[in-house]
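Welcome, and please open your viewer.

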Amino acid sequence: MENLNRRRVLSLGVALGLVSVAGPAKAWAWPSADSVAGTGTGADPEYVWDSAADPLLASLLDNGRIPSINTAMARWVDNGDPLPSGLPAELTAFLRTVNKLPSWADPVKLRRAADFNRRRDTYLFMLYGLGSGIMSTVIPREARSVYWSAGGADMQDRAAKTFTFGYDLSQLGAFQPSGQFVVTANKTRLVHAAVRHLLPQSPQWRGAADQTIPISAADILVTFHSLGTYVRRRLLDWKVPMPAADQEAFLHAWQVALHLLGVPDEYIPQTWAAAEAQSAQVLTPILAPTTEGDELAEELLGLTAQIDLGVTRGFLNEFVRYVLSDEVGDWLGLRRDYAAAALVRTAWPAYILFREGLSPVMPGTFYMVDQFVRALAMLFLNKGSSSTTTPITIPTGNRPAG
């Protein structure tokens with residue numbers, strides 16, 4: 001059985017375009033010398049949470065302060081906005097310490113990352129939405145945490161917020177005063193702290209989870225690798241031109257994002273080689289189906305029924321299989337459509353070649369694929385009262401029972 005599991009991890013790592021691994025990691029072994037800090041304690045991030053935000057949010061939740069905080073924070077949108085009035089003094093004090101870029105943030109790299117995201121937005125929409133988004137449903141801890149939290153009861157809203165986290169990060173001025181990502185990251189950090197306090201109160205989550213407190217630093221790193229590391233590897237696999245400076249800038253934006261989410265710098269990879277080595281330890285070995293993940297995947301894929309462009313569910317299922325592997329597709333019970341599979345495997349590479357100017361021949365399926373990509377993006381972006389702001393609110397409970 002151990003050899004079978006080892007082969008499964010190896011084959012899945014290759015299929016996902018992630019670095020091969022020798023087998024499931026037994027203990028934390030990633031060297032902090034490879035981090036942006038260059039040093040560290042060596043402590044396993046599995047047991048590191050957010051010592052600054054967690055007790056603060058627990059107190060605010062227990063004292064019934066969250067509804068008024070959400071009302072006040074609704075006016076806090078752009079990075080250059082002043083901290084909202086009406087917040088408890090202790091929350092204002094906390095935000096004053098974290099509402100800024102780290103000293104090592106490089107504005108030149110961040111600007112280049114924004115330009116890279118602009119130039120590659122089509123691929124990013126597909127990979128974040130149908131690659132990383134569905135991969136999250138076979139990350140057991142993430143699937144269970146999402147499902148049993150308040151957000152799991154409204155997956156379109158939850159998917160929109162997750163999608164627009166990456167979208168805010170991808171904006172040209174994401175880290176500028178006119179951008180929104182620093183605020184988005186701070187709000188997300190507060191949500192994580194709230195969920196750490198709330199989910200352990202859910203008997204359903206406790207009955208399924210293999211941890212006593214969710215969303216550890218390790219869990220956030222896993223999410224990063226299912227997004228940034230996975231996307232970069234897929235773009236390279238598809239031979240999308242990516243100069244080294246673009247790759248470095250793309251990583252730097254994610255490094256800053258992880259810092260803003262409260263991940264200690266000693267766990268944030270310094271290079272892509274370090275990121276892939278970390279991903280091999282924390283992401284690939286843990287991928288597996290769960291009951292909660294299966295339901296979430298079906299809900300997420302069902303959202304695209306709102307798109308009527310002649311694209312069948314079979315096409316969608318086969319695209320997920322194409323970007324995540326047949327093994328993941330089988331875990332999720334995605335019905336096969338071999339005609340659609342052939343279309344995906346011929347249309348998508350031809351679409352990339354034409355978009356990149358590497359082929360003068362426009363594929364006959366170009367318009368259908370292009371419209372599908374844009375419709376998928378807008379499905380998540382036009383999620384509510386605003387298509388330009390991520391409406392992040394701190395939860396006050398878990399998924400309703402029943």
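Start by selecting E276 and R232, whose side chains meet in a salt bridge (2.9 Å, N to O). A salt bridge here is a side-chain nitrogen of Lys or Arg within 4 Å of a carboxyl oxygen of Asp or Glu. E276 lies in helix α13 and R232 in helix α11, so the pair ties together parts that are 44 residues apart in sequence. Helices (H or I, at least four residues) and strands (E, at least two) are DSSP runs, numbered from the N terminus.

Are these two partners buried or exposed? E276 is buried, with a relative accessible area of 8%, and R232 counts as buried at 10%. Buried means under 20% relative accessible area, exposed over 50%, and partly exposed in between, with a 1.4 Å probe and protein chains only.

**Before you go on**

This is a predicted model: local features need pLDDT of at least 70, side-chain atom pairs count only at pLDDT 80 or more, and totals for chains, interfaces and linings use all residues. Residues are numbered from 1 along each chain as its sequence is written, and side-chain values use heavy atoms, with hydrogens and water left out.

**Other salt bridges**

A search of the whole structure finds 21 salt bridges. Select E46 and R141 next: their side chains meet in a salt bridge at 2.5 Å, N to O. E46 lies in the loop between α1 (2–15) and α2 (53–62) while R141 is in helix α7, so this pair ties together parts 95 residues apart in sequence.

Now try R313 and E298, where the closest N and O atoms of the salt bridge are 3.1 Å apart. This pair links distant parts of the chain, with R313 in helix α15 (residues 313–324) and E298 in helix α14 (residues 291–303), 15 residues apart. R313 counts as partly exposed at 31% relative accessibility, and E298 counts as partly exposed at 43%.

For a group, select R112, D115, R118, R119 and D246, which are linked in a network of salt bridges.

**Helix α7**

Colour helix α7 (residues 140–148): 7 of its 9 residues are buried, so it is largely enclosed by the rest of the structure. The buried ones are P140, E142, A143, S145, V146, Y147 and W148.

A charge sits over a ring if NZ of Lys or CZ of Arg is within 6 Å of the ring centre and within 35 degrees of the ring normal. Then visit Y123, where R355 lies over the face of the ring at 5.9 Å from the centre.

**Aromatic rings**

Rings of Phe, Tyr and Trp (its six-membered ring) pair if their centres lie within 6.5 Å; planes under 30 degrees apart count as stacked, over 60 as edge-to-face and the rest as tilted. By this rule the count comes to 17 aromatic pairs. Select F224 and W254, which form a tilted pair, 5.9 Å centre to centre with 45° between the planes. The pair links distant parts of the chain, with F224 in helix α11 (residues 217–237) and W254 in helix α12 (residues 244–260), 30 residues apart. Both F224 and W254 are buried.

Next come F250 and W272: their ring centres are 6.1 Å apart and their planes are at 25°, so the pair is stacked. F250 lies in helix α12 and W272 in helix α13 (residues 272–282), so the pair ties together parts that are 22 residues apart in sequence. F250 counts as buried at 1% relative accessibility, and W272 counts as buried at 8%.

To see an aromatic cluster, select Y123, W238, F315, F319, Y322, W348, Y351, F354 and F366.

Keep W348 selected. Which residues does W348 touch? Not counting residues up to four places away in sequence, W348 touches Y123, M126, W238, F319, Y322, L343, V369 and V373. Contact means heavy atoms within 4.5 Å.

Of the 115 residues in the largest nonpolar core, F175 and W348 touch the most other members. Helix α9 (residues 181–198) gives the most to this core, with 10 residues. A nonpolar core is a set of buried Ala, Val, Leu, Ile, Met, Phe, Trp, Tyr and Cys residues joined through side-chain atoms within 4.5 Å.

**Zoom out**

Finally, show the whole protein chain, which has 18 helices and 0 strands. Of its 402 residues, 54% count as buried.
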